[in-house]
Amino acid sequence: MPTPDLVSRYAGLPRWGRLGIWAVLGVISALGQAPFGWALVSVLGFAFAFLFFDRTKGTDTPAAQGWAFGFGYFLLTLQWLVSPFLVEPEQHGWMAPFALALMSGGLALFWAVAFWGAGRLGRASALIFALPLMELARAYLFTGFAWGMPAYGMVDSALGQVVTWVGSHGLNVFVLVISWAIAQAMNSHARFRLAFLGLVFVGVLAILWPAPAPMAPRDDAPMFRLIQPNAAQHEKWDPELIDEIFARGLALTRAEAEDPIALTIWPETSLPEILNYGDELLAQVTEAAGLTPVVIGANRFEGPRLFNAAALIGSDGEVRAIYDKHHLVPFGEYLPFGDFLARFGYYGMARSEGHGFSPGAGAEVMDLGPLGLALPLICYEVVFPQDVRASQVRPDMLMQITNDAWFGAFSGPYQHLVQAQMRAMEMGLPMVRAANTGVSAMIDARGRIVAQLPLNEAGYLDVRRQDPLPQTLYAWVGDAPVLAFLILVLLGYITFRPREFA
C-alpha cells in the first residue's frame, strides 16, 4: 500500500512520472479483459487506484489522474484497433498508432470526468458511483462505445451472474465496491477494518467461484450448423480468392451430419455478391444445405442505399426475411459527415462499391418457423445491451453473425465473444454465433459456452438449440434503475458530504 514514504517519493517525481504511474495502474486494471481474464488482478489495479487517489491529493489534478488511468486501461484493452488499419497497410497503416492513441485518449476523457467529480466531492469512495455513471455515458453518447467495461472481466465468475438483475453497468458498481473495500482494508488509517475484510472475503469468493456449468440442451432440440470459412480480411475480397473461399463455405455446409440440420448459419458478408444479384449463388448455398433454410450475411442495395444484412433463405432458394444492421461502426462502415468527406475521396475502411452503409430500421426479430424467433445481431451490435433489449417482441434466442477477421488474432475476437456471453446472460437467452474467422459458438442462457470452434480454423459446428430462461429483471427494466441509483447517490454526496471510513 502507498506508505507515507512511497507517497513522498511519488510527490517528488516529475509530472510525467506521476501520471505514468497512473497509466500503469490502468494497464493492470485492464488485465481482467480477454484474452487475459485475470479478474482479481484487475480488481487489485482498481484498488490501488482508490488508494493513490486518496493518498496523493494535491500532487496532480484528479482529472489528469483519471485521464492517465483511463488512457492506460484503454490502450491495452483496445490494442486490437490497429488490426483493421493493417488490412491495407499501404493505404491505412500509418493511421494505426494514431487511431489507437486517439481512441484511448478520447475514451479516457470519460474517466477524467469521473475522477474530477470525485475530486470535487473530496471522496475517493465517490468513484464507485462516478466511474460507472461515466461508463453509462460512454455506452450511449456519440453513438456509444462500451467496449471493455470493467464488468466484462467477471464473465467466468459467479459474480458475473448479477448482470441478470442489474446489467453490465450495475456490475461495474459491484466490481468497484470490492476494489474500494480492498483499498480500505489496506489503508493503515482505516476504521472498521474487520468489516472491510469481510466484504473483501465475500467479493473475492464471488470472483473466484466459477460460473454455472453450461446447460444441456434437450435431446430432441433442433440442430444448427455454424459455418466458419476462416477467410483472412486481406483475402476476403481478393478477386483471385473469392471463389475459393465461397467453395470452402459450400463444402462445410455440405458435410455429412449425424442428425438432420434445421438451419445453417453463415457469417457476416459471406455472400461474395450483392444480395440483389445473388440468386445463382444462393441456389448453390441452398443445394449444399440439403434444401434446408440458411441464414447468410450479405450486402444489399435498396435503391442507392447500401445495407449490411442477414438474409433468411428458404428451402427453395428464395429470400424469406431480411434484417439490416442498424448500429453501424463509425469511420468503419460509415463516416460522420460522409457526404462532405466523400468529395475528397474518404469513405471508410469497410466501404463497398465506394460508399458507406446505411442503417437499418432497428432491432427486429426474424421468424425461423419451428425454430422460433431469433433476434439477429450483426457484429458490432452485440456490444450494446440497449440494442439487444430494444426489440418489442421477446425472441427465443439471439443470433449473431460477425466477421471478426477485422479484429486481429490476439484480443479483439475474444473480447467480442465475452460481450456476446454477457448479452446472453443479461437477457436470459441463448445465443448462436457464426464468425468468419471465429470464435463461432453456441452460448447458453447463462452466458456459458456450450460448444465453440477455435479462432482462425476453418470448420463447421453442429449444435442443438438451447432453451431460453424466464425473462430477467435486466431485460425488463434495462439501465434506467442503475442510472437513477448512481445519480441519486452522487446527489447524496453533494448534499450530505458523507465522511470517509478512513
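1. Let's start in a loop: V439 sits between β9 (431-435) and β10 (441-443). The peptide bond joining G438 to V439 is cis, with omega at about 10 degrees. Keep in mind as you look around that this is a predicted model.

2. There is another cis peptide bond to look at, this one between A34 and P35, where omega is about 5 degrees. P35 belongs to the loop between α2 and α3. F36 is found in that loop too, with α2 covering 15-29 and α3 covering 39-55.

3. While you're at F36, check its surroundings. With a relative accessible area of 26%, F36 is partly exposed. Setting aside neighbours within four places in sequence, F36 is in contact with L31, L76 and F410. If you want a sense of distance, F36 and N403 are 367 residues apart in sequence, and their C-alpha atoms are 22 Å apart in space.

4. T143 has phi near 75 degrees, a positive value in a residue other than glycine. You'll find T143 in the loop between α8 and α9, and at 35% relative accessibility T143 counts as partly exposed.

5. The other is N456, not a glycine either, with a positive phi of about 65 degrees. N456 lies in the loop between β11 (449-452) and β12 (459-464). Its relative accessibility is 37%, so N456 counts as partly exposed.

6. Now for the helix pairs. Two packed helices are described by the angle between their axes and the distance between the axes. Take helix α7 (residues 96-121) and helix α8 (residues 127-140): their axes come within 9 Å and cross at roughly 150 degrees. Angles over 145 degrees count as roughly antiparallel, so that is how α7 runs relative to α8. The crossing of α7 and α8 is right-handed.

7. Which residues of α7 and α8 meet? On the α7 side they are L107, F110, W111, V113, A114, F115 and A118, and on the α8 side L127, A130, L131, M134, E135, A137 and R138. By class, the contact of α7 with α8 has 12 nonpolar residues, no polar ones and 2 charged.

8. Next come helix α9 (residues 163-186) and helix α10 (residues 193-208), which pack at an angle of about 140 degrees with their axes 8 Å apart. α9 and α10 are therefore oblique to each other. Their crossing is left-handed. From α9, the contact uses V177, I178, W180, A181, I182, Q184 and A185; from α10, it uses R193, F196, L197, L199, V200, G203 and I207. The residues in the contact of α9 with α10 split into 11 nonpolar, 2 polar and 1 charged.

9. The last pair is helix α12 (residues 242-254) with helix α13 (residues 279-288), whose axes are 8 Å apart at an angle of about 30 degrees. Since angles under 35 degrees count as roughly parallel, α12 and α13 are roughly parallel to each other. Here F246, L250, T253 and R254 of α12 meet L281, Q284, V285, E287 and A288 of α13. The contact of α12 with α13 has 5 nonpolar, 2 polar and 2 charged residues.

10. Is E426 buried or exposed? At 1% relative accessibility, E426 counts as buried. The residue is in helix α16 (residues 412-427). Its side chain makes a polar contact of 2.5 Å with the side chain of S168, and one of 2.7 Å with the side chain of R423. Not counting residues up to four places away in sequence, E426 touches V163, T164, G167, S168, P385, T472, Y474 and A475.

11. T77, in helix α4 (residues 62-77), is buried, with a relative accessible area of 1%. A polar atom of the T77 side chain lies 2.9 Å from the backbone oxygen of Y73. Beyond its neighbours within four places in sequence, T77 is in contact with A30, Q33, W147, G148, S411 and Q415.

12. Finally, take a look at A484 in helix α18 (residues 480-496). A484 is partly exposed, its relative accessible area being 36%. A484 and S270 are 42 Å apart in space, C-alpha to C-alpha, and 214 residues apart in sequence.

Conventions: Residues are numbered from 1 along each chain as its sequence is written. This is a predicted model: local features need pLDDT of at least 70, side-chain atom pairs count only at pLDDT 80 or more; totals for chains, interfaces and linings use all residues. Side-chain values use heavy atoms; hydrogens and water are left out. Axes are lines fitted to C-alpha atoms, for helices over the stretch in contact, and angles run from 0 to 180 degrees between N-to-C directions. Helices (H or I, at least four residues) and strands (E, at least two) are DSSP runs, numbered from the N terminus. Angles under 35 degrees count as roughly parallel, over 145 as roughly antiparallel, 65 to 115 as roughly perpendicular and the rest as oblique. A crossing is left-handed if the near helix is turned anticlockwise from the far one by less than a right angle, and right-handed if clockwise. Contact means heavy atoms within 4.5 Å. Ala, Val, Leu, Ile, Met, Phe, Trp, Tyr, Cys and Pro count as nonpolar, Asp, Glu, Lys and Arg as charged, and the others, Gly among them, as polar. Buried means under 20% relative accessible area, exposed over 50%, partly exposed in between (1.4 Å probe, protein chains only). A polar contact is a pair of N or O atoms within 3.5 Å; within protein, one must be able to donate a hydrogen and the other to accept it, and residues adjacent in sequence count only if both atoms are side-chain atoms.
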